[in-house]
Amino acid sequence: MSNIPAELKYIASHEWLRLEDDGTITVGITDHAQDLLGDVVFVELPDVGDIIAVDDEISVVESVKAASDVYAPISGEVIAINEALEDDPEIINSDPYGEGWFFRMKPDNIADYEALMTADEYESDL
């Protein structure tokens, strides 16, 4: 079974979210998603300052097997991107919940985050 950290929130399209101490949210793809994709060779990230709405296609991940869209899990503003992924996208495969994060955002409504799936709910949805 995939690694599914209990402290994170999840959405059905295999993105994870972590609430940071400053109220921002870090977003990436799950271990399950990177495993399905295989070796990641390219990632297209959003731009800092982008205003995103839930379910927007916000990023693209390309692997040796396929390309996959990454969806905005909640609405808000992109405040940072993980520039390390531009030169070293394989980080997503080796550390999807740590150094392989995609972007950070300021949520429009923190209640949207609270309403997302827990690790147990995500695991039962797999």
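Author: Start with a definition: two strands pair if DSSP finds at least two bridges between them. Keep in mind that this is a predicted model.

Reader: Which residue stands opposite E57 in β7?

Author: Y71 does. E57 belongs to β6, residues 57–63, and β7 covers residues 67–71.

Reader: How many bridges join β6 to β7, and do the strands run parallel or antiparallel?

Author: The general idea: strands of a sheet pair through backbone hydrogen bonds, either parallel or antiparallel. Here, β6 and β7 run antiparallel and five bridges join them.

Reader: What does β4 pair with?

Author: β4 pairs with β6, over four bridges and in the antiparallel sense. One of the contacts sets V40 against S63 in β6.

Reader: What is the strand order in the open sheet?

Author: The order is β4-β6-β7, three strands with antiparallel pairing. β4 (40–44) and β7 stand at the edges with a single partner strand each, so one side of each has no neighbour in the sheet. From one strand to the next, the twist averages 25°.

Reader: How should I think about side chains along a strand?

Author: In a regular strand they alternate between the two faces of the sheet.

Reader: Now the rings. How many aromatic pairs are there?

Author: Rings pair if their centres lie within 6.5 Å. That gives two aromatic pairs. Take Y10 and Y122. Planes under 30 degrees apart count as stacked. The Y10 and Y122 planes are at 15°, with centres 4.8 Å apart, so this pair is stacked.

Reader: Where in the chain do Y10 and Y122 lie?

Author: Y10 is in strand β1 (residues 9–10) and Y122 in helix α5 (residues 119–125).

Reader: Is Y10 buried or exposed?

Author: Under 20% relative accessible area counts as buried. Y10 has 0%, so it is buried. Y122 has 1%, so Y122 is buried too.

Reader: What kind of aromatic pair do W16 and Y97 form?

Author: A tilted one: 55° between the planes, 5.9 Å centre to centre. W16 lies in strand β2 (residues 15–19), Y97 in the loop between α3 (91–94) and β9 (103–107), so parts 81 residues apart in sequence are tied together. W16 is buried at 0% relative accessibility, and Y97 is buried at 10%.

Reader: Which ring does the charged end of R104 sit over?

Author: The ring of W101, at 4.1 Å from its centre.

Terms used. Residues are numbered from 1 along each chain as its sequence is written. This is a predicted model: local features need pLDDT of at least 70, side-chain atom pairs count only at pLDDT 80 or more; totals for chains, interfaces and linings use all residues. Side-chain values use heavy atoms; hydrogens and water are left out. Helices (H or I, at least four residues) and strands (E, at least two) are DSSP runs, numbered from the N terminus. Axes are lines fitted to C-alpha atoms, for helices over the stretch in contact, and angles run from 0 to 180 degrees between N-to-C directions. Rings of Phe, Tyr and Trp (its six-membered ring) pair if their centres lie within 6.5 Å; planes under 30 degrees apart count as stacked, over 60 as edge-to-face and the rest as tilted. Buried means under 20% relative accessible area, exposed over 50%, partly exposed in between (1.4 Å probe, protein chains only). A charge sits over a ring if NZ of Lys or CZ of Arg is within 6 Å of the ring centre and within 35 degrees of the ring normal.
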